[in-house]
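This report describes the surface, fold and selected residues of a single protein chain.

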Amino acid sequence: MARIKKGDQVIVISGKDKGKTGRVLQVLKDSDRVIVEGVQRVTKHTKVGQSAQGARTGGIETVEAPIHASNVMLVDPKTKQRTRVGFRVEEGERPNGRKRLVRVRYAKKSGEDL
């Protein structure tokens, strides 16, 4: 199970954007990177051309580039500070009534479920 998932609120702990917070837009599992909203913005030059939605305008765009997952930490929903992620095994129940074990993510700083 992944420690950081799409939609999580994270804070950057190293690099040029250190201290910035944002929401995870995408997780790239194969390269162990994440794309965070408003972090690691780079300029991209685009050419005028045809796309599937119609005519695309050209020019200079700013887009979010991937950042390595080790350079971000989850923001604790209770204390609003960065925290490590832990996993707890709990008993869950399937729709047919049988029991199963479920791994639940929680913030180590406050103990709150994520």
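The protein chain exposes about 8,000 Å², of which carbon and sulfur atoms supply 47%. The model is a predicted one. Buried residues make up 25% of the 114 residues in the chain.

**Overall fold and dimensions**

The protein chain contains twelve strands and zero helices. The C-alpha trace spans about 55 × 40 × 25 Å along its principal axes. The radius of gyration of the protein chain is 19 Å, whereas a compact globule of 114 residues would have one near 13 Å. Among the contacts with a separation of 6 or more, 40% are accounted for by residues 24 or more positions apart.

How many residues does each domain bring to the contact between domain 1 and domain 2? The domain assignment gives domain 1 as residues 1-75 and domain 2 as residues 76-113. Eleven residues from domain 1 and eleven residues from domain 2 take part in the contact. The centres of the two domains, taken over C-alpha atoms, are separated by 26 Å.

**Selected residues**

| Residue | Relative accessibility | Class |
|---|---|---|
| G86 | 4% | buried |
| D32 | 42% | partly exposed |
| E37 | 43% | partly exposed |
| K80 | 62% | exposed |

G86 is found in strand β11, which covers residues 85-93. Is G86 buried or exposed? G86 counts as buried because its relative accessibility of 4% falls under the 20% cut-off. Leaving aside residues up to four places away in sequence, G86 touches V104, R105, Y106 and K108. G86 and K5 are 81 residues apart in sequence, and their C-alpha atoms are 14 Å apart in space.

E37 lies in the loop between β3 and β4, the latter formed by residues 41-46. With 43% relative accessibility, E37 is partly exposed, because this value lies between the 20% and 50% limits. Apart from residues up to four places away in sequence, E37 touches T21, G22, R23, L25 and E64. For E37 and E64, which are 27 residues apart along the chain, the C-alpha atoms are separated by 6.8 Å.

Most residues other than glycine have a negative phi. D32 is not a glycine, although its phi is positive at about 60 degrees. D32 is found in the loop between β2 (21-28) and β3 (33-36), and D32 is partly exposed, with a relative accessible area of 42%.

K80 likewise has a positive phi of about 60 degrees although K80 is not a glycine. The loop that holds K80 lies between β9 (72-75) and β10 (82-83). K80 is classed as exposed because its relative accessible area of 62% is over 50%.

Terms used. Residues are numbered from 1 along each chain as its sequence is written. This is a predicted model: local features need pLDDT of at least 70, side-chain atom pairs count only at pLDDT 80 or more; totals for chains, interfaces and linings use all residues. Side-chain values use heavy atoms; hydrogens and water are left out. Helices (H or I, at least four residues) and strands (E, at least two) are DSSP runs, numbered from the N terminus. The radius of gyration is taken over C-alpha atoms; the globule rule is 2.2 Å times the number of residues to the power 0.38. Buried means under 20% relative accessible area, exposed over 50%, partly exposed in between (1.4 Å probe, protein chains only). Contact means heavy atoms within 4.5 Å. Accessible areas come from the Shrake-Rupley method with a 1.4 Å probe; for residues, only the protein chains shown count as cover. Domain bounds come from an automatic or database domain assignment.
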